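Me: I've got a protein model open and I'd like to learn how to read it. Could you walk me through it, feature by feature?

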Amino acid sequence: MTLKVVPLDLKRANEFVAQHHRHNDPTNGHKFSIGIEENGELVGVGIAGRPIARFLDNGRNLELRRICVKDGVSNGCSMLLGRLKRIGQLMGYERILTYTLQKESGASLRAIGAACVSKVGPSNWARSGRSTRHQPVYDEPKYRWELQDGAQSMPDAVVKASSKEQDPAPTGASA
């Protein structure tokens, strides 16, 4: 199996997310998106954009908003995460962030050297004057990961205790 990284527009990336992501809907915007193809067929996508959390949106941080790979594509998540990290670094982003549900293992993130830096509680992104469609995944606790070199992880015991359920052939981080 040979995977090839390809550029994608947001429309095509979101169509893939709508069909294949386990728990997230398509995103509203992006800075850039990429995909991976196998024999000309799109088998995974990664969408990078502005951080959702306002206090992290300083113009120098990039959030990996969606990672989604078809079942059975070995190393697809790691490939997307690694390439998104590299592109973000080349563009000058100082921090590259993403999130997983606490019940997910984070194996693909660990494979590329990401650090699990904090626990994040459930969030309601609705604010007065801004309509936001609620997704059930907003009600679940998450971990924030940093992908830049030198990021320090939380103690392993904290992460391992909540990741006893392993991702079945991961279709992406919670991102």
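Me: Let's start with strand pairing. Which residue in E5 does Glu63 stand opposite?

Reply: Glu63 stands opposite Leu97 in E5. Helices (H or I, at least four residues) and strands (E, at least two) are DSSP runs, numbered from the N terminus. Two strands count as paired if DSSP finds at least two bridges between them. Here E4 and E5 pair in the parallel sense, over three bridges. One note before we go on: this is a predicted model, where local features need pLDDT of at least 70 and side-chain atom pairs count only at pLDDT 80 or more, while totals for chains, interfaces and linings use all residues. Residues are numbered from 1 along each chain as its sequence is written, and side-chain values use heavy atoms, with hydrogens and water left out.

Me: What is the bridge partner of Leu97 in E7?

Reply: That's Glu146. E5 and E7 pair in the antiparallel sense, with five bridges.

Me: What kind of unit do E4, H2 and E5 make?

Reply: They make a right-handed β-α-β unit. To read the hand, point the strands away from you: the crossover is right-handed if the path from the first strand over the helix to the second runs clockwise.

Me: In what order do the strands of the sheet come?

Reply: The order is E1-E2-E3-E4-E5-E7-E6, in an open sheet of seven strands with mixed pairing. Strand E1 (3-8) and strand E6 (115-120) are at the edges with a single partner strand each, so one side of each has no neighbour in the sheet. On average, neighbouring strands of this sheet are turned by 30° against each other, direction ignored. For angles like that, axes are lines fitted to C-alpha atoms (for helices over the stretch in contact), and angles run from 0 to 180 degrees between N-to-C directions.

Me: How many bridges join E2 to E3?

Reply: Seven, and the two strands run antiparallel. In that pairing, Gly35 stands opposite Val45 in E3. Helix H1 (residues 10-20) packs on the sheet and touches E1, E2, E3 and E4, with its direction at about 110° to that of E3.

Me: And how many join E6 to E7?

Reply: Five bridges, again with an antiparallel run. Val120 is the residue opposite Lys142 in E7.

Me: Now burial. Which residues cover the two faces of E7, and are they buried or exposed?

Reply: Buried means under 20% relative accessible area, exposed means over 50%, and partly exposed is in between (1.4 Å probe, protein chains only). Lys142, Arg144 and Glu146 on one side of E7 and Tyr143 and Trp145 on the other are all buried. With five of its five residues buried, E7 is therefore largely enclosed by the rest of the structure. Strand E5 (residues 95-101) is mostly covered too, with six of its seven residues buried. Across the protein's 175 residues, 49% count as buried.

Me: How many residues does the largest nonpolar core have?

Reply: A nonpolar core is a set of buried Ala, Val, Leu, Ile, Met, Phe, Trp, Tyr and Cys residues joined through side-chain atoms within 4.5 Å. The largest one here has 25 residues, and Leu62, Leu64, Leu84 and Leu147 have the most contacts inside it. At least two of its residues come from each of strand E2 (32-38), strand E3 (41-49), strand E4 (61-69), helix H2 (76-90) and strand E7 (142-146). A second, separate core of ten residues includes Leu10, Val17, Val45 and Cys68.

Me: Which residues is Leu84 in contact with?

Reply: Contact means heavy atoms within 4.5 Å. Setting aside neighbours within four places in sequence, Leu84 touches Phe32, Ile34, Gly46, Ile47, Ala48, Leu64 and Ile67.

Me: How many disulfides does the structure hold?

Reply: A disulfide is a covalent bond between the sulfur atoms of two cysteines. In a model, look for a pair of cysteine sulfur atoms within 2.5 Å. This structure holds zero disulfides. The sulfur of Cys68 is 8.0 Å from the closest cysteine sulfur, in Cys77, which is too far for a bond. Cys68 is buried at a relative accessible area of 0%, and Cys77 counts as buried at 3%.
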